[in-house]
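Reader: Hi! I've got a structure to look at and I'm new to this. Could you walk me through it?

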Amino acid sequence: MKLKRRVFIKESVLASAGVALTAPAYIKNYVQQKPSDIINVAVCGINGRGKSHFANFTKIKDTRVVALCDPIDYLFPVANKAIEDLGGPKPARIVADYRKLLDDKDIDVIAIATPDYWHALMTIHSCQAGKDVYVEKPGSHTIDESRKMVQATRKYNRIVQLGTQHRSNRVSQKAIELIQQGLIGDIYMGRGYEFKRRYTIGREADSSVPEGVNWDLFRGPAPMIPFNKNHFLYNWHWYWDTSTSELSANGIHPMDRVRLGMKINEHPTKITCSGGFYGWDSDQEVPNFQVATYEYANGKVMELEIRSLPNPGGSGDIEWYGVKGWAYLRGGTFQAWVTDDDTGHRLPSTNKPSAGASNGQPAAGPTRGEFSKNLPKPTVTITLEDLPFDARADELSKAGIDPHIMNFVDCVKSRKREDLKSEVEVGHISTVQALLGCIAYRTGRKLIFDGKTERFVDDDDANTYLARPGGGRKPYNIPDVI
């Protein structure tokens, strides 16, 4: 794809203002790029994760933020200043409605960091308009929406990356490589944890829409309701008409890597989910504690626990259990304990026995959310310092550039979707897994899912959760034909 774009060079402006031209190296590279090398980006949703989007696309030498979109106009001055402070030009376009950007031929990429329930429609429309897309996780609010995102990507031949950025972490990649190679034998179970302390939102009465807020655009595909502070900004996460709970919003991160390590690239066949809402009286609808279990056609099992109440910590922790041992990934540290040989016999140990153990072997694996002091020394321990030096990764790290977003930019340039770390169909598998857990929780029973048709077997009630009625609130509904 040949890109013909203008470049806004700021040297003269900075010099006239008396500002020294001592920007970091990656900023210098950025302003020195030829117009044909620049990929123009529009960032939709500039609060929360959107800040990371416009920061990264400003820092990367091949990209430039040319437009910002948000239905809350008082967010724009802060975003503009942040971009300029990073050395980028002030975005030329500021809009509340993303549809005004779709016909702009100077925009190559739409970056979507809006509330989750907007992700699918914006991705589909952007693909139809010939834009490439970087979209935050989870990919969609419903399973039907997620599949249509894949269809739109294929039909219009676009590059679409889901923001499950932890799979681009170098320690995670090495851990997954070792697990896939059989470090702890055949994996029969993988488990993920998402423990984030959340607090009560209390109860709020409806009120008038604040100045500078387009409430209709904020609600978008969701049912229209009177303005309420408890449904605004981050609090939309706590209602079923706009949220898919922490199970999907953040639980997708560990489970995406659990699945990758287990080399499972299909939907589960059986799903259960229990939990509830505990601790206080508030307007919140979604649970603050859930445990979802996923069974696969090959007999393997995955489990995800989310806990927003007081907890020992463990945001994004992962465990794998194999026939020869177990492994644990927490943040930037991977540890594995290999205990048995291929015959299943116990191997001799030079470690001191832990409490409750026999013959020098540990009684149990790592405790949830923290390393156990009672465990013997792990067979393998890997941190970033243990990995071979990678010049490009080091450069990105020093520049504060997310390698997952950089991977997307590389693929926009090469047009090789197979090189994406989380291409839309890969993201679809992880998104659907999380959504299935939510549906099992809401129906209150074990569900049987047909991965080929992406429908529940002989369960009309569960199938009502596959899509919003009519695709969502008009005119923000998902089209029947992509």
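Reader: Let's start with arginine 307. What does its charged end sit over?
Author: The charged end of arginine 307 sits over the ring of phenylalanine 195, 4.4 Å from the centre of that ring. Keep in mind that this is a predicted model.

Reader: Got it. And how many aromatic pairs does a search of the whole structure find?
Author: The search finds 17 aromatic pairs. One of them joins tyrosine 98 and tryptophan 118, an edge-to-face pair with 5.6 Å from centre to centre and 75° between the planes.

Reader: Where do tyrosine 98 and tryptophan 118 lie?
Author: Tyrosine 98 is in the loop between strand E3 (93-95) and strand E4 (109-112), and tryptophan 118 is in the loop between E4 and helix H5 (119-128), so the pair ties together parts 20 residues apart in sequence.

Reader: Are those two buried or exposed?
Author: Tyrosine 98 and tryptophan 118 are both buried.

Reader: Nice. Why is the pair of tyrosine 134 and phenylalanine 408 edge-to-face?
Author: Their ring planes stand at 70°, with the centres 5.6 Å apart, so the pair counts as edge-to-face. Angles over 60 degrees get that label. This pair links distant parts of the chain: tyrosine 134 belongs to strand E5 (residues 132-135) and phenylalanine 408 to helix H12 (residues 403-414), 274 residues apart.

Reader: Why does tyrosine 134 count as buried?
Author: Tyrosine 134 counts as buried because its relative accessibility is 0%. Phenylalanine 408 counts as buried too, because its value is 1%.

Reader: Which residues form an aromatic cluster?
Author: Trp215, Phe218, Phe227 and Phe232 form one.

Reader: Switching topic! How do the axes of helix H7 and helix H10 cross?
Author: The axes of H7 (residues 170-180) and H10 (residues 252-261) cross at roughly 35° and come within 8 Å. On the H7 side, Ser172, Ile176, Ile179 and Gln180 take part, and they meet Arg257, Leu260 and Gly261 in H10. Sorted by class, this contact has 3 nonpolar, 3 polar and 1 charged residues.

Reader: Now the whole chain, please. How many helices and strands does the chain have?
Author: There are 14 helices and 16 strands. The chain has 482 residues, and 55% of them count as buried.

Reader: Last one: what about contacts between residues at least 6 apart in sequence?
Author: Among those contacts, 72% join residues at least 24 apart.

Definitions and conventions: Residues are numbered from 1 along each chain as its sequence is written. This is a predicted model: local features need pLDDT of at least 70, side-chain atom pairs count only at pLDDT 80 or more; totals for chains, interfaces and linings use all residues. Side-chain values use heavy atoms; hydrogens and water are left out. Axes are lines fitted to C-alpha atoms, for helices over the stretch in contact, and angles run from 0 to 180 degrees between N-to-C directions. Helices (H or I, at least four residues) and strands (E, at least two) are DSSP runs, numbered from the N terminus. Contact means heavy atoms within 4.5 Å. Ala, Val, Leu, Ile, Met, Phe, Trp, Tyr, Cys and Pro count as nonpolar, Asp, Glu, Lys and Arg as charged, and the others, Gly among them, as polar. Rings of Phe, Tyr and Trp (its six-membered ring) pair if their centres lie within 6.5 Å; planes under 30 degrees apart count as stacked, over 60 as edge-to-face and the rest as tilted. Buried means under 20% relative accessible area, exposed over 50%, partly exposed in between (1.4 Å probe, protein chains only). A charge sits over a ring if NZ of Lys or CZ of Arg is within 6 Å of the ring centre and within 35 degrees of the ring normal.
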